[in-house]
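Trainee: I'd like to learn how to read a model like this one. Could we go through it together, feature by feature?

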Amino acid sequence: MSKRIRSAAVAFTVCFAMAAGAQDSVQIGKDGNIKVNSGGSKVDVRGGNVKVESEGTRTTAEMKQDDDGKEDSDDDSDPEIDITGAGRKETLACHGTTEVSISGSSNELTFTGACKRVDVTGSSNKVTLDSVEQIDVTGTGNTVTWKKAAGGRKKPKVSATGTDNRVSQR
């Protein structure tokens, strides 16, 4: 993990813990790993991985280090983004070879930049994409819209199984 990302994670965890109160905890290991527990929420920074869990919305977001073992650089890294849960509303960035996995319901997610692949599993998710090569949708009532195809394609490769799923260009 880059020094800038690790520094931001440390600053976030310390501020988070200070606002949390005495019953909550922050642990910083000799190996640089960081764990914060506060009011049912957890932040775990381990190696090149950052994991955030919130019991209130029962969501988990995780950004993993590349399989080649190299740490992500500060410029245009290509992470894997995993989102699990319900009722999330946020905007995230893809960087060309980013692969996105969404599992849950009633999420409203927007992805800027170019995503290599987006997998949506669950129900009533609304996903908006700037640019994408491949879209896979499974479940019920999911809506995925894309602006343009990535990877030199005219249209992204699309697979939609289930009931009332819609994938369309916006």
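Mentor: Let's begin with a pair of charged residues: the side chains of Arg-117 and Asp-136 meet in a salt bridge, 2.8 Å from N to O. Arg-117 lies in strand S9 (residues 108-123) and Asp-136 in strand S10 (residues 126-140), so the pair ties together parts that are 19 residues apart in sequence. Before we go on, note that this is a predicted model, where local features need pLDDT of at least 70, side-chain atom pairs count only at pLDDT 80 or more, and totals for chains, interfaces and linings use all residues. Residues are numbered from 1 along each chain as its sequence is written, and side-chain values use heavy atoms, with hydrogens and water left out.

Trainee: What counts as a salt bridge, and what is a strand here?

Mentor: A salt bridge is a side-chain nitrogen of Lys or Arg within 4 Å of a carboxyl oxygen of Asp or Glu. Helices (H or I, at least four residues) and strands (E, at least two) are DSSP runs, numbered from the N terminus.

Trainee: Which residues are linked with Arg-117 in a network of salt bridges?

Mentor: Asp-119 and Asp-136 are linked with Arg-117 in that network. The closest N and O atoms of Asp-119 and Arg-117 are 3.1 Å apart.

Trainee: How do I read whether these residues are buried or exposed?

Mentor: Look at relative accessible area: buried means under 20%, exposed over 50%, and partly exposed in between (1.4 Å probe, protein chains only). Asp-136, at 15%, counts as buried. Arg-117 is partly exposed at 29%, and Asp-119 is partly exposed at 22%.

Trainee: How many salt bridges does a search of the whole structure find?

Mentor: Four. One of them joins Arg-88 and Glu-90, with the closest N and O atoms 2.3 Å apart. Arg-88 is buried, with a relative accessible area of 12%, while Glu-90 is partly exposed at 25%.

Trainee: Now for the backbone: which residues have a positive phi?

Mentor: Here's the general idea first. Most residues other than glycine have a negative phi. Ser-124 has a positive phi, near 55°, and sits in the loop between S9 and S10. Its relative accessibility is 43%, so Ser-124 counts as partly exposed. Asp-164 also has a positive phi, near 60°. The loop between strand S12 (157-163) and S13 holds Asp-164, which is exposed at 61%.

Trainee: What does Ser-168 touch?

Mentor: A contact means heavy atoms within 4.5 Å. Leaving aside residues up to four places away in sequence, Ser-168 touches Val-144, Thr-145 and Trp-146. Ser-168 is found in strand S13 (residues 166-169) and is partly exposed at 35%.
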